[in-house]
Structure formats: C-alpha cells, structure tokens
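Hi,

Here is the structure I said I'd pass on to you.

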Amino acid sequence: MMDESVKIESIDNELDAKKAITTLISKIRDYQVKVHEIVSNYYLDFLPNCYDNVKIMKNGKLLEEDINKVVTLINQDSSWQLYMANERMQQQREELGECIIAYKTAYKLQTIHGWFEMIPRCGDDYQKLLHIIEKIKALLNDAGDNILMRLECYHNIRLRCHEEYQILLFNLNKKFESLIQLTEKPFQNTKAVTIKIKKDEDQLHQVVLALIHTNYNIHKLCNFLMNNVFEPIITKPVLLVCNENDGDYMSLQLSYQLKSTEDLRPNYKTIFQQMMETFYCLGQMNIVISDRQCIFSIIAKHTKGRICRLLIDNCLQNDIPNTIDEMNDSDMAQAVHEFNKFLTDMLFLDNENDCVLDEYASKIELLFQKKFCANIVSNAFEIMKKDLHDMVLVEDRESDFSFGSDMFASCMVSKSTIELKKLLDKVLSEGLNGEKLSDRLMQSIATILEQYTIQVTQRHEKLLLKIPQQSALFHNNCMYLSFWLQKNASKLDTDHSFMLIGNSLRDQGNKTFHLQLQNQRTVLMQSLQEFDITNGIVELSPTSQKAVRQCIRQLELLKSVWQTVLPDIVYNNSIGSLLTTFCIEIIKRVLLLEDITAALGNGLVTVIRLMEDKAPSLFKDPTDITLLVKPWTKLVQLHTILDSSLVEITELWAEGKGPLTLNYRPEEVKHLIRALFQNTNHRQMSLASIIQM
C-alpha cells in the first residue's frame, strides 16, 4: 500500500493539494495501525506477529520522507500556503498535524521494537548490545515526548528494556569472571589465594570496555585485591608464585599465615619485590580504556590511598635505620623512589598528583634522625627504671664533684646512673662528630636530663619516700649528672639551657634528700614522745630510757646506709643536723623541769652518758661531733651539772668566767640549781654568784 511515494513536487490547484494531503494521512494511519498491532502483540498481548517488521520499518522511513516534503512545501511554497489558508483546507491542515504527531510516536515505537529485534542477533558483541540498549533508553526517556509515556504499552516496553539490560549485565559479569578468576580458600591457620587471568586480550578488552560503560561496581574486585593480595603482602610473610604458562591463563598464587608475629614481618625490599611481581602478573588484565584511564588507574582510585598508607605505617616506618652506620649503608630512599616510579609506569599512580611515597622517601633522612634520637631517649628512660640500690663507688677520676665549696671526696651512685652517663658520653661524641645530627642529639641530651628527675621520682616514688638509702642515692645521682653537665659545658650547645637543667637536677636531688631528712627528724620526735620527764615524776622510767635508745638506734641505722653512700660533707651535715635536733630536745626538756630528784637526776645522767658513748661514733672522726653538733658541748655540760655538787657547779661558773658560760645563760644555771638542790643558805649564796660578767 505504501510502495509508491506521493507525487507532491508541484501543485496546480486546490484539488491536487487536498488529494496529496488525504493520501499522506491515509498512509500515516495505515502505518500507525500496523505499528499498533505489532506493539500490542509484543508488549500487551504477548502474541506472535506475522508482519514483516523490516519491510514496515522501510515503509515508515519512506513515509517520513513524504511527510518532510509536504511540510517543506507548506512552509516554503507560496501556492501551497495560499491553498492551506483557505478555510476549507483548515480542517485537513489540523488533521495532517495530528497525523504527523501520531506518525512520530508510531515510528519511535517501531524503532524501539526494531532495536529489540536486533538484540538476539548481536551474540557476544557486548558493546553493540550496550549501544542498542542505550539507544532504547534514550527514546524512552525523551523529556520532550509527553505522549509515549502515556501509552498503555510504555511500562511493558520499559520493563523489557530493563530486563535486557540486566541480562547484559549478568552475561558481562559472568564473562568477566570467566576471564579473571578470583578464588580464596581459608584454612584453620592459613589462607590460599589464586588469581587466573585469561590470555585473550581482545575478548578481555571488549568485556572490560562494556563493563566500564555500564558503571560496573569495581569495589568487589578492589576489595578482593586489597584484602587478599596487597595487604597480606605488605603486612605478612607471603609465599608468592607467578605462572605465565598456566594453560590459557596467567596465574598468581599466594599463601600466608592468618596470624603472624612482628618478628616475621618482611622488610621493605621483599615487599617491593613481591608487589612488583604481583603488578606484572595483574598487568595481563590492565586494559587501556583511554589515554588517561586503564584498569589499574580505576583500581587505584579505590586502593592506592590504603596501599600507600600501609606501606608507610606497616613497612617503611618500621624499616627506618636504627643506627648511623645502618643509615649510611641504607638505599631505602632510592628504593622507595624507584618503587614509586614503577607504580607510575604501571599507570597505578598519577605522576602529577600521587607523590605520597616520593615525599616520604625525601624525608627518610629526617625520619631516621627522629627515630635515632627517640631510641636514645627511650633507652635512657629504660635505664632510669632500673633499681637505684644497685650501686657502685664513683671512680677516682670522677670524684672531684664540686658545687660551690662542697667537695665529693667519695660516694656511691646507682649503676644505672653510670650506665646513663656512658650513654650521654656516646651521644655527645656522636653529636660532636656528626653535623646532620648535632642539633637533635644535643636536644636529646637536654630531654634526657630534663626528664631524669621526673621519670625516676615517678618510677621509685614510694621507695624514695620510705627508704633512706634510696633518697641518698637519688641525691648523689642528680649531683653526678649535674657534674657531668658542668664538666662538658664547653662542648654543649648553650641554646638548650644546660645550666638551668644542671640547677634543676641539683635542686631536685637536694629537695628529695631534705624531705627524707625531715621524715627522719619527724621519726626522732615521735620516738621522744615516750621520753616522759614532766614535772612531778620522781625517777626516769624504763620507757623514757627506751625512747632515747630508740633514737640512737635510728641514727646508727642511718649511719649504716648513709655513711658509705653520701659524700662525707653531706653525710656529716645530715647526721649532724639530726643529732642536733635530738640533743636540743633532750636539753630543752631537762631545762623545763622544776624539781629534779636524785633518782631522776641519776636517770638523766645515764641516758646522757649513753648518748656520749654512742653519738661520736656516728662520725668517721668522733671529734667532729663538737663541730657538727652545736648543742653537743652543752649536753655534755648538762651531764656534768646533773652529776655535780653545788660547789662544783659554782666553780664551773666561776663568777661568769668558767666553761659553763660558753653554753649556758645565768638564768639556765640558776634554774638547774633550784631544781637539783633544796633551798638552803648555801644554795642562796651559789645563786647569788651566778651572774654574767
């Protein structure tokens, strides 16, 4: 019916125009009926169709040409415009316009159906299939067509398009999985991973390109590679085997322990080598998509950040050299640069934007310096944790500790402090010989000495407070380290305020030891609470005598733990200050008595004699007691007064010229006379003679 075209190249009268339009409208309606029947059978009733769809498509194309001719003549030929302006032609004109719109919809439906019929003939040509489906989607989603989507068949056609697309995706994924086979087999303690890539580049290229255009979810592949290949290679000992001749496939096999110790962690050279072998093998699937895109670049978007971070945190950071010799022999920076270039050449990294590894390589020297110095400080902290009471005599050549006028003739320090001093000597030597590390090493020395008192007091807090020997050793340790600073002052960088650090060490050592002295002084006073010689007692009780003996035993114990530890001058001053407190308290209590009976006086003489016997032996030179304990002579004279007659006391005073006047005031001597002797004329005469000349 539509084998011949309408002859409308010219027109002579209104009748010809009307005939041409009528014929065109008839052909459009006939075409519309056939398309409607095809669409209804396929997408509404799902019945077989007897029409030759190819012939109908051809006739539809010819009909489109006729429509274009008529529309052109109407718009351009003046005679046509004249006829169409005729009121009698107006109805036909409107009818023609409606038919043209109906034709366009029918032709679009016929075109969609034609695309659907081409799908079975495409076979495994995935790109062509994808192209057809995209064409159908474009026609169905035409925003300017408000008729098609209102048709009864629209939903079924759209559903058919979706089904064809899902079939395509399924077949693509299935084909992709046959070309690139990923398997993992976990066992109780190990895991085996196998990747097989078919050596058919053309087929792989076709499938990959089609998948890329379907917005294929690459996450599954990326996660598999990341979790089962890249991360294990970087973090675990891995057995890796690449086989280029596994039949039609290139294969990559990995096996590794699920749990491994830090000692078995591979070094960066092993990791780089295995990573390169892996990329060479995976390169079989690295299909180039465009000038700036390939499979590796797509995988990299999802994995390169994690890979670089793992390499830095779990590999490179741990392999930074530990010693200067190791650093001098290390080619780590060059290896990282070369590995980064390899990944760039493989199109995994972008040379312009991905510079994490290169930047890390350029910082390896700086990172080594930080690690080296951090290790030094860490080693120093470990030394500071060692027991203080494990001690040693200061070497003779280092015995000239000088702090102002004080001299450390000989003393003990903790072995850990000697060890720390040797570490500081080594660090200082390295700092003086190495320009690159000099500043950092000097800062490390400052950090160690600044932290010494903090670390030690925190670590040994209870022992320093409770055990006298510990506080004495800590005092000496602080002085020893301060002396080391003083001795090496000319070699140290003054910018680090080493003088202030030395002052801080001495201050903290003195503070801790003085706190111990105060504790011992408190213990003495607590013991003397049992020394009860209040007014009204007749004789000295055994408890009071025991209290004095307890104080003497305390001082003797301190001697045993201090005399061989502390420098002589520190020991003498310390034990002397405690003995001074002891003597003053005894004298003060006796001078407060209003009445001293003969029995009480004898008891007091006994305890003072005990002190006279024991106290001098607290010093290496017993005669030093008179110099170091100022109230000692007064205590000895108190013994004399308590054990003397009234005449003897008067003679000892000798009218203000005798030995008693050196330590006693007249009021004190008079008070003792009144307490010791009854009120007689003789006592009155003696009291009268006790005057200050």
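This is a predicted model: local features need pLDDT of at least 70, side-chain atom pairs count only at pLDDT 80 or more; totals for chains, interfaces and linings use all residues.

Residues are numbered from 1 along each chain as its sequence is written, and side-chain values use heavy atoms, with hydrogens and water left out.

The largest pocket holds about 360 Å³ of space. (On a 1 Å grid over the protein atoms alone, a pocket is an open set of points where a 1.4 Å probe fits, with protein on both sides within 12 Å along at least five of seven lines; lining residues have an atom within 4 Å of a point.) Its lining has 17 residues, and Arg292, Ser297, Leu347, Leu349 and Asp350 are the closest to the centre. Two or more lining residues each come from β5 (288-290), β6 (293-294) and α10 (295-319), and α10 gives the most, with four. (Helices, H or I of at least four residues, and strands, E of at least two, are DSSP runs numbered from the N terminus.) Sorted by class, the lining has six nonpolar, five polar and six charged residues.

Now the helices. The axes of α21 (residues 568-591) and α24 (residues 632-642) come within 9 Å and cross at roughly 40°, which makes the two oblique. (Axes are lines fitted to C-alpha atoms over the stretch in contact, with angles from 0 to 180 degrees between N-to-C directions; under 35 degrees is roughly parallel, over 145 roughly antiparallel, 65 to 115 roughly perpendicular, and the rest oblique.) Cys583, Ile586, Ile587, Val590 and Leu591 of α21 make the contact with Trp632, Lys634, Leu635 and Leu638 of α24 (contact means heavy atoms within 4.5 Å). Eight of these residues are nonpolar, none polar and one charged.

Next, α16 (residues 438-459) and α19 (residues 498-527) have axes that come within 11 Å and cross at roughly 15°, so α16 and α19 are roughly parallel. Among the residues that meet there are Met442 and Tyr452 in α16 and Phe498 and Gln508 in α19. That contact has eight nonpolar, three polar and one charged residues.

How do α25 (residues 646-653) and α26 (residues 666-676) cross, and at what angle? Their axes come within 11 Å and cross at roughly 175°, which makes α25 roughly antiparallel to α26. Leu646, Ile649 and Trp653 of α25 touch Pro666, Val669 and Ile673 of α26, a contact of six nonpolar, no polar and no charged residues.

Cheers

How values were computed. Grid points are joined across faces, edges and corners, and a volume is the space filled by probe spheres set on the points. Ala, Val, Leu, Ile, Met, Phe, Trp, Tyr, Cys and Pro count as nonpolar, Asp, Glu, Lys and Arg as charged, and the others, Gly among them, as polar.
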